[in-house]
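Opening my notebook on a new structure. I'll jot down what I look up as I go.

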Amino acid sequence: QVQLVESGGGSVQSGGSLRLSCTASRYTTSMGWFRQAPGKEREGVASIKSRGITTYADSVKGRFTISRDSAKNTLYLQMNDLKPEDTAMYYCAASDRLSIRPLEPNAYDYWGQGTQVTVSS
């Protein structure tokens with residue numbers, strides 16, 4: 001089992017920045033950030049694997065950066081130039097598997113409780 005705890009959400013104006021953090025109870029091979037807006041399906045935002053391979057959704061490329069501090073078992077998501085359409089509940093996810101489709105929710109076994117991000121225009 002892995003416990004994941006997110007933090008760092010909040011409310012910002014369009015063009016602003018936020019950094020999300022996710023602390024895991026132990027190391028896992030693959031980690032990702034997902035988001036879900038009201039009435040919409042959960043979608044993959046970014047992922048990172050043990051070899052440092054990152055994957056981003058097209059909608060966030062060039063604005064968001066995923067990183068991890070393996071010594072602290074902590075995952076980060078730096079979000080810049082935020083837009084109202086980024087408003088959602090953001091979830092941290094983890095998997096012990098390496099060969100996964102990185103932005104597919106079903107590929108992950110462990111989930112955090114979520115942190116709300118709200119971007120106003």
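Which ring does arginine 42 lie over at 3.9 Å from the ring centre? I found that arginine 42 lies over the face of tyrosine 91 at that distance of 3.9 Å. Arginine 42 also lies over the face of tryptophan 111, at 4.8 Å from the ring centre. For this I count a charge as over a ring if NZ of Lys or CZ of Arg is within 6 Å of the ring centre and within 35 degrees of the ring normal.

Ground rules for myself: this is a predicted model, where local features need pLDDT of at least 70 and side-chain atom pairs count only at pLDDT 80 or more, while totals for chains, interfaces and linings use all residues. Residues are numbered from 1 along each chain as its sequence is written, and side-chain values use heavy atoms, with hydrogens and water left out.

**Aromatic pairs**

I searched the whole structure and got three aromatic pairs. Rings of Phe, Tyr and Trp (its six-membered ring) pair if their centres lie within 6.5 Å; planes under 30 degrees apart are stacked, over 60 edge-to-face, and the rest tilted. Phenylalanine 34 and tyrosine 108 have ring centres 5.2 Å apart and planes at 75°, so I wrote this pair down as edge-to-face. Phenylalanine 34 lies in strand β4 (residues 30-36) and tyrosine 108 in the loop between β9 (88-95) and β10 (110-111), so the pair ties together parts 74 residues apart in sequence. Strands here are DSSP runs (E, at least two residues), numbered from the N terminus.

Buried or exposed, I wondered about phenylalanine 34? Phenylalanine 34 is buried at a relative accessible area of 0%, and tyrosine 108 counts as buried at 5%. Buried means under 20% relative accessible area (1.4 Å probe, protein chains only), exposed is over 50%, and partly exposed is in between. Phe34, Tyr108 and Trp111 make up one aromatic cluster.

**Disulfide**

How many disulfides does a search of the whole structure find? I got one, with a disulfide meaning a pair of cysteine sulfur atoms within 2.5 Å. The partners are cysteine 22 and cysteine 92, with their sulfur atoms 2.1 Å apart. The link links distant parts of the chain, with cysteine 22 in strand β3 (residues 18-24) and cysteine 92 in strand β9, 70 residues apart. The angle about the S-S bond is -75°, and the link is left-handed. Cysteine 22 and cysteine 92 are both buried.

**Cores**

Next I looked at nonpolar cores: sets of buried Ala, Val, Leu, Ile, Met, Phe, Trp, Tyr and Cys residues joined through side-chain atoms within 4.5 Å. The largest has 29 residues, and Met31 and Trp33 are among those with the most contacts inside it. The elements giving two or more residues to this core include β3, β4, β5 (43-49) and β9. Apart from it lies another core, of five residues, including Phe34 and Tyr108.

**Contacts**

Last, I checked contacts (heavy atoms within 4.5 Å), leaving out residues up to four places away in sequence. Methionine 31 touches, among others, Cys22, Ser47, Cys92, Ala94 and Tyr108. Serine 47 is in strand β5 and counts as buried at 1% relative accessibility. Among the residues that serine 47 touches are Met31, Pro102 and Tyr108. Alanine 94 sits in strand β9 and is buried too, at 0%. Contacts of alanine 94 include Leu4, Met31 and Tyr108.

Conventions: Helices (H or I, at least four residues) and strands (E, at least two) are DSSP runs, numbered from the N terminus.
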